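Please open the model in your viewer and follow the stops below, selecting each pair of side chains in turn.

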Amino acid sequence: MRLVTVLAAGIEGVDGYLVTVEVARAEPASGEGRVTMVGLPDAAVRESVQRVTTAIFASGLHHRPHDAITVNLAPADRRKEGPAFDLACAIGFLATIADNELPPPPRDALFLAELALDGTLRPVRGVVAAAAAARAAGLRAIVVAPANAHEAAAVGGLQVVAPADLAGCCRWLRGAPAPPLPPPPPPLPEREPCLSEVRGQEHAKRALLIAAAGAHNVLMLGPPGSGKTMLARRLPGILPALTDDEALEVTRIHSIAGLLPAGCGLLRQRPFRAPHHGVSGPGLIGGGNPPRPGELSLAHHGVLFLDELPEYARSTLESLRQPLEDGHLTIARAGHRLRFPARCMLVAAMNPCPCGYLGHPTRRCTCGADEIHRYRARISGPLLDRIDLHLEVPAQKPEALQAAQGGESSAVLRQRVQEARARMLRRQGVPNALLEAGALRRHAQPSAEALRLLAQAVDELGLSARAHDRVLKVARSIADLDARPTISIDDVSEAIGYRVLDRPA
Ligand SMILES: Nc1ncnc2c1ncn2[C@@H]1O[C@H](COP(=O)(O)OP(=O)(O)O)[C@@H](O)[C@H]1O
Ligand SMILES: [Mg+2]
C-alpha cells in the first residue's frame, strides 16, 4: 500500500482550517478497485471522485483504471463541503501511483481548487480565509486557480502558485518554476457616487457627516422620492478609507459568500448592502446549514441600509439588536460557536406615516393619528435606542433641486470625517458611537450651560438615560468635527435636534 498526504483547507463560518487529505492506494486483488471517501464529505466533495479521475485521464497523466483507493479528510469530525478539495485529491491520486514519478507533495504547501473535467483549475470560495489559515500554520506556498491568485496574494507571506491546469501543477511539483501570475486585476471601475449630486437636503447631509465621523447609526424619515436612498448610498464615500486589515476582512467575507468578482484582489471600498424588506432572518443576520454570513456581515466595515424599516419582519429587526451592539454575532453549531463579524453602520429609512406625506409642503397626509402611532411603534424602542440620529428628510422645493451647486463633495467631507475620527481614536481608541458609559463621562464633558440644556431636554422630551447618553455622543462628534475639546451648548442643541422620533408626531 502507498500512502501520501496533501494539505487543503475547509471553511467554517468566516474562518479557514487546514484539512489533511490522506490518500491510500492498494493494488486490488482482482479487477478494478474503487474509491472510498471518508471524513464527513458532503455530496459535492464525494462527487469530486468523478471529476478528479476524469481530469486525470483527460490530462494524460495516468491511463490505468483504478486501484482500490481510500481518501480520508482529517480532522474527521468537521463537515467538508464544496469542490475545493478536487486538486488535493488529484495530487494524492497521482502521487500514490508507483511509477508516476510525482514526488510526495510538499508538506508546506496548500492545494485549493476545483477541477474541470479537462483538468483546468477553477476558482473556489474562501481563498482569503484558507490562505490566512495556511499562513498562520507556517506554510510556505498556496496553489490555487489563476482566478484566485490575487485573492491569495492579498493575504501576504505565501508563495502563490497558480497553474492553469492539473498538468501544470504536476510540472511545478516535479521542479519546474511556478508559472507567472495572471496580470493584476484592473482597479475597480465604479467610483463612489458623490454627495454633491444630492441637491438641497443640507440638514440631512450635515447629519450624515456627523454620523460618519462618530460611526453613529441613522434613521431618516421622509416622503417617497425625497432622496433618502440617494443619501444613504453616498455614506460609504465619506467614511474613512479602509485600512489594509479592514480591507482583508471585507474581502474574506465576500469571498466566502461567493461575491468576489473573478480575478479580484483586495476589496478597497466600504461595503454598502441594501437587503429588501422581504429578506429572511438568516439572510439578514447569517446562519443556515452550513452557516453563511448574512447581509449584516457582508456590511462589515461598511453600511447596512434598511429601506422602509417598518416593513421588515419584527423578529428579524429584533435579532439585529445584539450584533449591532457587539459588532459581531455568534452562531452555535454542533457543540461549538462560530463568530461572524458585524461591525457596520446601520442606516434606516422610513416614511413619516403610512401614506408617506405627513409634513409634505404640497400633498395632503390622509393618515389618522392612531395609524401614525401604530406605524412608528413597529420600530421597537430597544432598536430605536441603538440609532443615535433620527431626522426628517423632507421633500425639496423645485428651486432647491435645480440649484447649480450641490454643496461640498464627498472627497472634502471624507477628509473632515477622517480628521475627526483620528481625534477620537487618539483620545479614546474607539469612535464616539462605541463609547462605554464610563469612558463617555471621561471624554465627553459639556460646558455647564450645555449640561443644563441637556437636563431640560431630558425632562421635556422624556428621554431615557440611554437616550441622554446618545445625545452626548452625538454632541461629542459634532465638537470633534470642529476640533473642540469641550462640548458647547450649540453642540448639545444640535444633537437634540436629531431626535425627531422622541417628539410627538
Ligand atoms: N435632493 C435630491 N437631489 C437630486 N435628486 C434627487 C433628490 N431627491 C430625489 N432625487 C431624485 O429622485 C430619485 C428618487 O430619490 P430616492 O433617493 O430614491 O428617494 P427616496 O429613497 O426618499 O424615496 C433619485 O434617484 C433622484 O433622481
Ligand atoms: Mg428609497
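**Stops along the salt bridges**

Begin by selecting Glu325, which is partly exposed at a relative accessible area of 37% (buried means under 20% relative accessible area, exposed over 50%, partly exposed in between, with a 1.4 Å probe and protein chains only). This is a predicted model, in which local features need pLDDT of at least 70 and side-chain atom pairs count only at pLDDT 80 or more, while totals for chains, interfaces and linings use all residues. Residues are numbered from 1 along each chain as its sequence is written, and side-chain values use heavy atoms, with hydrogens and water left out.

Because Glu325 lies in helix H13 (residues 321-326) and Arg386 in the loop between helix H15 (381-384) and strand S18 (389-392), the pair ties together parts that are 61 residues apart in sequence; helices (H or I, at least four residues) and strands (E, at least two) are DSSP runs, numbered from the N terminus.

Next, select Arg206 and Glu494, whose closest N and O atoms are 2.7 Å apart in a salt bridge. The pair links distant parts of the chain, with Arg206 in helix H7 and Glu494 in helix H21 (residues 489-497), 288 residues apart.

Finally, select Glu202 and Lys205, which meet in a salt bridge at 3.9 Å, N to O; Glu202 is partly exposed at 48% relative accessibility, whereas Lys205 is buried at 7%.

Technical notes
Chains are lettered from A and ligands numbered from 1 in the order in which they are written. A salt bridge is a side-chain nitrogen of Lys or Arg within 4 Å of a carboxyl oxygen of Asp or Glu.
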